[in-house]
Amino acid sequence: PTLASPGSPSSTIIGYILSDPKKFRCLETSCSSMAFGRLADLRRHHNQQHAKDRKEFFCPVMECARNGKKGGKKGFGARRDKRDEHVRNVHQAKGCGGRKRARTEN
């Protein structure tokens, strides 16, 4: 569903606010049991799970199981911050000098 007021671009409805002032819910039926404490969390959830043209981030280290190769673990979805945190905590903390690949997102 979208909302539009005269003279403004349309906006997509991604959720609703519960009577509990700090609870936001996703409109998707598959996520109906999920509640978010902040509107920013609901927006991030929508962008990561439901957005049509989202970017997918993978680990840039070739030897890592999370680099997006077939059979490896999944990437980090639309969460560039989680990919960067993974690189810092897993590869830089170990002093891993793994070869980097040029493509870090799909």
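Strand 4 (residues 24-26) is joined to strand 5 by two bridges, and these two strands run antiparallel; strands here are DSSP runs of E with at least two residues, helices are runs of H or I with at least four residues, and both are numbered from the N terminus. Two strands are taken to pair if DSSP finds at least two bridges between them. This is a predicted model, in which local features need pLDDT of at least 70 and side-chain atom pairs count only at pLDDT 80 or more, whereas totals for chains, interfaces and linings use all residues. Residues are numbered from 1 along each chain as its sequence is written, and side-chain values use heavy atoms, with hydrogens and water left out.

In general, the strands of a sheet pair through backbone hydrogen bonds, either parallel or antiparallel.

Turning to charged side chains, a search of the whole structure finds five salt bridges, each being a side-chain nitrogen of Lys or Arg within 4 Å of a carboxyl oxygen of Asp or Glu. One of them links aspartate 41 with arginine 44, whose closest N and O atoms are 3.5 Å apart; these residues are three apart in helix 1 and therefore separated by about one helical turn. Aspartate 41 is buried, with a relative accessible area of 16%, while arginine 44 is partly exposed at 37%; buried means under 20% relative accessible area, exposed over 50%, and partly exposed in between (1.4 Å probe, protein chains only).

Another salt bridge joins arginine 79 to aspartate 81, with the closest N and O atoms 2.7 Å apart. Here arginine 79 is buried at 13% relative accessibility, and aspartate 81 is partly exposed at 41%.

In helix 2 (residues 80-92), glutamate 85 and lysine 82 lie three residues apart, about one turn of the helix. Salt bridges that share partners also join Arg38, Asp41 and Arg44 into one network.
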